[in-house]
Structure formats: C-alpha cells, structure tokens
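Let's walk through this structure together, from single residues out to the contact between chains. Keep the view open as you read.

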Amino acid sequence: MSIIVDKINYIYEIGTGFERQALKDVSCVIEKNEFIGLIGHTGSGKSTFIQHLNGLIRATSGNIFYEGQDIYDKDYDMRKLRSKVGLVFQYPEHQLFETDIFKDVCFGPKNLGLSKMDTELRAFEALRLVGLDENLYYQSPFDLSGGQKRRVAIAGVLAMKPDVLILDEPTAGLDPKGREEILGCVQHLREETGITVILVSHSMEDVARYVNRIMVMNDGILMYDDTPANVFAHYKELEQIGLAAPNVTYIMNDMKKAGWNVDTSVLTVEQARDSILSCIDQNVYRK
Amino acid sequence: MGIVKADKLTFEYIRRDEEGNVDSITTAVDNVSLEIKEGSFVAVLGHNGSGKSTFAKHLNALLYPTEGTLWVDGMDTSEENNTMSIRQTAGMVFQNPDNQMICTLVEEEVGFGPENIGVPTDEIWQRVESSLKAVGMYAFRKASPNKLSGGQKQRVAIASIVAMKPKCIILDEPTAMLDPAGRKEVIDTLHLLNKQEGVTIILITHYMEEVIDADYVYVMDEGKLVMQGTPRTIFSQVEHLKELRLDVPQVTELVYELQQSGLPIKDGILTTEELLQELERFR
C-alpha cells in the first residue's frame with residue numbers, strides 16, 4: 001500500500017525555446033497513512049509533482065508505482081488511479097456548482113457509475129467526515145462561509161473514497177480559526193479512515209503542527225525529506241530558498257543564543273512553553 | 001479630517017426573488033464609524049465574512065453606503081461625480097496577483113494605469129521608473145509578469161497602483177497566496193512606501209505577524225467594529241481574539257501560555273527581543 005516515485009523528471013514545453021525542467025530526479029516512497037507536508041517557494045515544482053501522483057501529468061522520464069504497479073504500463077487503469085488518489089486543488093470552492101450541497105458531493109460517485117443508493121451513502125459519509133452540520137446538507141453551497149465551502153469541496157473528493165488525499169494549499173485565504181478547522185478535520189479524517197494525506201502549504205506553522213514528515217522542493221529538486229524537527233533545524237537554508245521555519249523555531253534559537261538551555265527543535269507553542277518552563281526555577285511561578 | 005472618515009457606515013446586501021421582492025437582507029457593514037489619519041499604517045482584522053472586504057470596497061467607491069457616509073480625502077463616496085477622483089486617491093490591491101496582470105511586460109503593466117487617465121508620455125515613463133524603484137522591481141522592468149514569483153508579481157501590482165500616485169493604498173489579503181519570502185517582500189515594501197512616500201496603507205490580512213508593526217488595528221465582526229487600538233493593546237486580549245476566530249502572533253501566544261502556567265510575565269509582548277528581556281527576570 002504505497003506510492004514509489006523513482007527518479008522522475010519533467011520538462012515543460014520540451015523541444016521549444018521555452019523548455020524548462022520542472023522536476024529533476026525526484027525519488028521518494030510514500031507509505032500508507034502518512035501525513036506529509038510538501039513545502040517550497042512558488043514555482044519550485046510542488047504542484048507539478050503532485051499532479052504526477054494521480055497521473056494528470058506524465059513524467060518525461062522515470063517511473064511511478066502505485067501499490068506495486070507501474071502507472072505508465074500500457075494496460076494500467078488510469079481512471080481508477082484518479083479515484084484512488086484524490087486531488088483537492090487551490091480554492092476548491094470555485095468548483096462547487098450544484099443547487100444544493102448534497103447534490104454537489106454526489107456528483108463524483110455518480111460519475112463512477114454507482115447506484116443511487118451507494119452514491120448517496122457515500123455523500124452522507126463524506127459530509128459526516130468533514131464535520132458539516134446536517135441542517136446545511138440541502139442548502140445552496142454558495143451561502144456557506146469560506147471554510148465551510150472548502151469542506152464541502154473536500155467532501156466531494158472524499159466521496160470518491162480515495163486512499164490518498166492531496167490538498168494544494170487548503171487554507172489559503174481562510175481566517176486563523178478556519179485554518180484550524182480545515183486542518184483539524186483533515187487530521188481527524190486521517191486517523192479515522194487510515195487515508196494518506198499530502199498537504200501542500202505555505203504556512204510553516206501549520207505544517208509544523210500537523211504533519212509527521214516534510215518534503216521540501218527547490219527548483220524541481222527534492223531538497224529535504226525528513227521529520228519536521230530535522231527539516232526546520234535547517235532554517236537558515238530554508239530562508240535561502242524563500243521559505244522559513246515556524247516562528248517558535250526563531251524564538252527558541254534566539255533564546256539559546258541568549259544563553260537559555262532550551263530545546264530548539266520544538267514545533268509548537270505548547271512545546272516551547274514547556275521547554276522554557278523547564279529552565280525556570282519552579283518556585284518562581286507555581287501558583 | 002483624516003484621509004478616510006466613516007460616519008455610521010452601513011451596507012446591506014439585498015437579495016431578491018424572481019418577482020423582485022426582497023428575499024433576505026444581509027448587513028455586511030453595520031454602523032461603522034472611524035477616522036484614519038493620513039500617512040498612517042492601519043491593519044483591519046476579522047474572520048471570513050466579518051465585513052472587512054465589503055468595507056474595503058467602499059474605500060474606492062466600488063460599493064456605496066446603504067446608510068451613513070464615507071469620505072475619502074474629504075470626498076463623499078456616494079456622490080457619483082467623485083468616483084473617478086476617489087479611485088485615483090485610493091488604490092486597491094487584491095489577493096491573487098494573476099488576476100491583476102494584463103500586459104506582456106512589467107513596465108507596460110505599471111504604465112497602464114497612468115496611460116488610461118491621460119498622463120503625458122514622458123511623465124508615464126518617469127512614474128513607471130519611480131514606482132518600480134519604490135517596490136524594488138526596476139531590474140525586472142523588461143520581464144514578462146508571468147515569469148515572476150508570487151511576491152514579485154504582487155509587488156508589480158503595488159507598483160501599478162503607486163504609479164497612479166494615490167494618497168492611500170488598500171490591500172485585501174495581498175499575501176494569502178504567497179510563500180514566506182514573498183510575504184516578507186510585500187510587507188517590507190508596504191512599510192517602505194509608508195515611511196518614504198508617506199502613503200497611507202490599509203492592510204487587510206489573516207496573518208497576525210503582519211500586523212505587529214502597524215500603527216493602529218481595527219477588528220471587525222458581523223459587520224461591526226468590535227476592537228480598535230495599537231497592536232499591543234489588541235494582541236493583549238488573546239481570549240477575545242480567539243472568540244472572534246482570530247489569533248495572535250506566536251510570540252504573544254507563547255507569552256499567554258506561560259502566563260496560563262502561572263509565570264508572572266507582562267501582557268502585550270510582540271517581539272522576541274521583548275520576550276527575552278522580560279524573561280531575564282526569571283533567570
């Protein structure tokens with residue numbers, strides 16, 4: 001149950017004056033139920049990469065194996081792959097179109113040729129998974145808030161019962177609470193269904209809080225592929241390529257420089273708090 | 001009078017059914033009164049649907065008040081005769097840079113606005129040069145906008161507004177689609193314009209870190225103005241902000257967490273330096 005990416009290269013507009021290599025020898029193994037954060041500056045190849053994973057783009061060279069099968073084999077069922085690897089694009093709410101939310105979520109499974117009952121069961125299940133209030137199911141999707149619309153759009157992909165869910169900047173443009181709701185929902189979903197999640201994000205704080213592995217793309221190369229703590233330890237290199245570490249990483253590094261014996265590998269505010277408190281005499285603050 | 005003054009500004013979205021009868025009324029901006037000083041850097045916070053963008057669209061007369069009055073540089077925005085001069089006084093930059101680019105070269109993009117209001121050719125070129133220099137994009141003047149990074153595109157979008165010589169620039173989530181470096185580029189550019197050219201900046205954002213250096217912050221909820229003050233006073237109210245679906249910068253949140261654990265540390269810390277200084281007491 002995994003995806004193996006073996007030295008894929010992708011060149012845009014090959015053979016023309018605009019030829020540009022978007023991916024260079026990218027290799028990785030993605031295991032079942034992983035929660036991966038994919039980061040990189042705009043134009044680093046993130047979107048090109050994720051579109052390879054469900055066959056929307058075909059690599060110029062190299063191979064991709066989905067559950068042991070080469071997806072570029074002549075008789076490989078690409079349609080099936082696309083229902084197994086669900087891709088939620090940026091601003092997915094722009095793709096909502098039906099008169100009510102329930103119908104919108106039914107659209108995908110209906111097109112798989114499922115019976116009416118199976119389609120509706122899947123839609124219910126998907127809407128339940130994204131935690132949308134049942135009173136809203138038969139309302140127009142256009143009356144919802146930004147975060148709710150986005151959850152409906154994600155439900156539309158979940159109704160296809162994918163094994164892998166790829167989200168391209170699912171929190172762009174949402175308020176802090178909306179960001180937390182979407183990512184909390186994705187995390188919960190992963191725990192409940194065992195789905196694999198790949199999260200493309202520009203928010204280092206969000207990535208640090210939720211994922212357990214980070215892949216960093218730079219100019220088409222997979223530059224780092226490691227745990228969040230190990231990746232953010234390279235915060236200086238990340239800055240060179242237009243990224244950053246979460247703010248707490250900077251706070252903890254500055255404290256360390258000022259002579260505090262704090263843990264610089266913390267990823268969240270809560271961990272930072274605990275690390276700072278462990279350096280302070282408990283008599284000073286115990287209530 | 002300040003560059004922007006709102007007096008009991010109210011805006012209602014009215015939805016009608018097929019017969020034209022009123023179906024529902026949503027009050028997007030509700031009785032907002034405020035005054036923004038010329039030359040200041042102001043941030044507007046609020047969750048999705050709180051009315052921020054509707055308010056912003058009033059500032060360059062894309063929408064008119066249902067009730068109340070809004071003056072931009074002393075001009076009443078509901079007077080149709082003022083519309084053109086208001087749009088030259090207050091320029092707007094939106095979220096997605098790709099939707100704002102229409103020309104094949106960066107310099108043409110920046111010259112497009114002045115050309116449309118009949119600025120003489122020589123002056124257009126002067127304005128293109130000075131505004132591209134102001135945002136640090138002069139080296140890219142002969143480049144195609146679609147070859148730029150997100151942050152660069154957004155800076156070109158800002159230069160296009162600067163070329164119109166506005167007194168005030170309104171930015172509606174200009175960094176939502178940018179990577180960390182792009183976000184920093186844009187915010188630094190805005191501060192530079194504010195300090196060097198004295199342009200009033202009104203920044204709408206969901207990133208609390210971008211608000212730290214603002215002069216004044218307004219917080220909207222359900223169309224109403226619910227909080228206002230300096231970043232320090234606003235971010236001292238961690239719980240209130242979270243109730244409003246907002247957040248605080250990570251440093252401030254860390255301070256809040258330390259307080260909750262019983263550490264007697266002061267409120268309203270916005271930077272790591274302040275935190276380090278404050279923590280010295282506990283060493």
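B:Glu107 counts as buried, at 9% relative accessibility; buried here means under 20% relative accessible area, exposed means over 50%, and partly exposed is in between, all with a 1.4 Å probe and protein chains only. You will find B:Glu107 in helix H3 (residues 106-116) of chain B. Helices (H or I, at least four residues) and strands (E, at least two) are DSSP runs, numbered from the N terminus. Not counting residues up to four places away in sequence, B:Glu107 touches B:Trp125, B:Val128, B:Leu132, B:Arg141 and B:Lys142, where contact means heavy atoms within 4.5 Å.

A word on what you are looking at: this is a predicted model, in which local features need pLDDT of at least 70 and side-chain atom pairs count only at pLDDT 80 or more, while totals for chains, interfaces and linings use all residues. Residues are numbered from 1 along each chain as its sequence is written, chains are lettered from A and ligands numbered from 1 in the order in which they are written, and side-chain values use heavy atoms, with hydrogens and water left out.

Now step back to the whole of chain B. Its secondary structure comes to ten helices and ten strands. The radius of gyration of chain B is 20 Å, close to the 19 Å that the globule rule gives for 283 residues, so chain B is as compact as a globular protein of that length. (The radius is taken over C-alpha atoms, and the globule rule is 2.2 Å times the number of residues to the power 0.38.) Along the principal axes, the C-alpha atoms of chain B fill a box of roughly 65 × 55 × 35 Å. Of the 283 residues in chain B, 57% count as buried. Among its contacts between residues at least 6 apart in sequence, 61% join residues at least 24 apart.

Another buried residue of chain B is B:His47, with a relative accessible area of 10%. B:His47 is in the loop between strand E3 (41-45) and helix H1 (52-59) of chain B. Leaving aside neighbours within four places in sequence, the contacts of B:His47 include B:His206, B:Met220, B:Arg245 and, from the other chain, A:Asp175.

That brings us to the interface. A:Asp175, A:Trp260 and A:Val269 supply 16% of the area that chain A buries against chain B, more than any other three residues. In residues, the contact takes 41 from chain A and 40 from chain B.

There are four salt bridges between chain A and chain B, a salt bridge being a side-chain nitrogen of Lys or Arg within 4 Å of a carboxyl oxygen of Asp or Glu. One pairs B:Arg245 with A:Glu181, the closest N and O atoms being 3.2 Å apart. A:Glu181 is in helix H6 of chain A and is partly exposed, with a relative accessible area of 27%. Not counting residues up to four places away in sequence, A:Glu181 touches A:Arg151 as well as B:Arg245.

Across the interface of chain A and chain B there are also 16 residue pairs in polar contact, both residues at pLDDT 80 or more. A polar contact is a pair of N or O atoms within 3.5 Å; within protein, one must be able to donate a hydrogen and the other to accept it, and residues adjacent in sequence count only if both atoms are side-chain atoms. On the side of chain A that touches chain B, helices H6 (176-193), H7 (204-210), H10 (247-257), H11 (269-277) and H12 (282-285) each supply at least two residues. The largest share, six residues, comes from H11(A).

Finally, look at helix H3 (residues 101-111) of chain A, whose buried residues include A:Ile101, A:Phe102 and A:Val105. Helix H4 (116-129) and helix H5 (146-158) of chain A are among what covers the buried residues of H3(A). At the start of H3(A), a side-chain oxygen of A:Asp100 reaches to within 3.0 Å of the backbone nitrogen of A:Phe102. After H3(A) comes A:Gly113, with a positive phi near 85 degrees.

Terms used
Buried area = accessible area lost by both parts, 1.4 Å probe.
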